[in-house]
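This briefing goes through one protein chain by topic. The sequence and structure come first, followed by the notes.

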Amino acid sequence: MKTIIIGIAGGTGSGKSTFTKKLKKEFKDDVAVLYHDNYYRDQSDIPLEERRKTNYDHPDAMETELLIRQLMNLKAGKAVDCPVYDYTQHTRSDQVVRVEPKKVILLEGILVLADERLRDLLDIKVYVEADADERILRRIIRDVKERGRDMEGVVEQYLTTVKPMHYLYVEPTRCMADIVINSGKNPVAFTLVKNTIQKILDEAE
């Protein structure tokens with residue numbers, strides 16, 4: 001079974017998670033989803049205060065080597081146990097998520113296109129972009145509501161690491177994408193990618 005891997009990248013708050021979730025909802029168990037965010041390095045040996053200072057938007061914060069190994073295993077037809085990251089503790093949790101091999105794998109994350117080794121595994125590369133003001137507002141709402149952060153901390157992190165890393169590592173990968181869409185809710189782009197996935201699944205039967 002040939003596996004097709006679709007990378008969905010873009011800046012924080014751009015709508016790539018919305019786009020990915022819509023595809024997962026459409027195809028349900030016919031596709032597998034991996035999130036690059038779950039591959040942040042384990043920091044359990046570092047004090048919590050030090051963990052908070054980690055630059056989470058730099059490629060070095062990710063254990064991309066593990067992600068690549070697990071993608072290769074999925075392509076080989078083997079199930080994998082994906083790590084789960086605990087954002088409240090700033091380290092990897094004890095939990096794992098079992099992911100079974102599928103014909104189509106969706107891989108989502110801001111730095112999905114930034115690593116050449118990872119990029120080479122992708123069959124389709126999507127970049128989701130949005131206005132910077134919209135992205136920071138979505139980031140604030142998400143981090144405060146879902147990740148237990150305070151507003152001041154979110155803003156400081158955005159200004160010191162998120163924003164500069166976006167321009168250094170994320171936005172330059174836009175030109176590497178096969179498809180660039182201006183919103184995670186863009187219905188035309190969604191239909192194009194949905195139809196592509198459906199064609200792949202139909203040909204596999």
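## Briefing

Lysine 53 is exposed, with a relative accessibility of 61%; here exposed means over 50% relative accessible area, buried under 20%, and partly exposed in between (1.4 Å probe, protein chains only). The model is predicted: local features need pLDDT of at least 70 and side-chain atom pairs count only at pLDDT 80 or more, while totals for chains, interfaces and linings use all residues. Residues are numbered from 1 along each chain as its sequence is written, and side-chain values use heavy atoms, with hydrogens and water left out.

**Salt bridges**

- A salt bridge is a side-chain nitrogen of Lys or Arg within 4 Å of a carboxyl oxygen of Asp or Glu, and by this rule the count comes to nine.
- One of them joins the side chains of lysine 53 and glutamate 50, at 3.5 Å from N to O. Glutamate 50 is partly exposed at 41% relative accessibility.
- Arginine 98 and aspartate 81 pair through their side chains at 3.1 Å, N to O. This pair links distant parts of the chain, with arginine 98 in strand β4 and aspartate 81 in strand β3, 17 residues apart. Arginine 98 is exposed, at a relative accessible area of 51%, and aspartate 81 is partly exposed, at 36%.
- The side chains of arginine 117 and aspartate 115 form a salt bridge at 2.7 Å, N to O. Arginine 117 counts as partly exposed at 42% relative accessibility, whereas aspartate 115 is buried, with a relative accessible area of 18%.

**Annotated domain**

- The unreviewed UniProt entry places the feature "domain: Phosphoribulokinase/uridine kinase" at residues 5–184. UniProt positions are given in the numbering used here, feature names are shortened, and annotations may be inferred rather than shown by experiment.
- The end C-alpha atoms of residues 5–184 lie 19 Å apart, and the span is 37% helix and 22% strand. Helices (H or I, at least four residues) and strands (E, at least two) are DSSP runs, numbered from the N terminus.

**Nonpolar cores**

- A nonpolar core is a set of buried Ala, Val, Leu, Ile, Met, Phe, Trp, Tyr and Cys residues joined through side-chain atoms within 4.5 Å.
- The largest nonpolar core has 31 residues, of which Leu34, Leu71 and Leu107 touch the most other members. The elements that give two or more residues to this core are β1 (4–10), β2 (31–35), α3 (64–75), β3 (80–86) and β5. Helix α3 supplies the largest share, five residues.
- Contact means heavy atoms within 4.5 Å. Not counting residues up to four places away in sequence, leucine 34 touches Tyr39, Leu67, Leu71, Leu74, Cys82, Val99, Ile105, Leu106, Leu107 and Glu108.
- A second, separate core has 20 residues, including Leu23, Val33, Leu106 and Phe190.

- Glycine 109 is in the loop between β5 (104–108) and α4 (116–119) and is buried, with a relative accessible area of 0%. Not counting residues up to four places away in sequence, glycine 109 touches Ile8, Ala9, Gly10, Lys16 and His36.
- From glycine 109 to arginine 52 the separation is 57 residues in sequence and 20 Å in space, C-alpha to C-alpha.
- Histidine 90 is found in the loop between β3 and β4 (91–99) and counts as buried at 6% relative accessibility. Leaving aside neighbours within four places in sequence, histidine 90 is in contact with Gln43, Leu48, Arg51, Arg52, Tyr56, Tyr85 and Arg149.
- Threonine 161 lies in helix α6 and is buried, with a relative accessible area of 13%. Not counting residues up to four places away in sequence, threonine 161 touches Asn55 and Asp57.

**Surface patch**

- Val144, Met151, Val155 and Leu159 form a nonpolar patch on the surface, with about 320 Å² of accessible area together. Patches are made of residues with over 30% relative accessible area and no salt bridge, with like charges joined within 9 Å and nonpolar side chains (Val, Leu, Ile, Met, Phe, Trp, Tyr) within 5 Å. Accessible areas come from the Shrake-Rupley method with a 1.4 Å probe; for residues, only the protein chains shown count as cover.
- Helix α6 (residues 151–170) gives the largest share of the patch, three residues.
- Valine 144 lies in helix α5 (residues 132–146) and counts as partly exposed at 36% relative accessibility.
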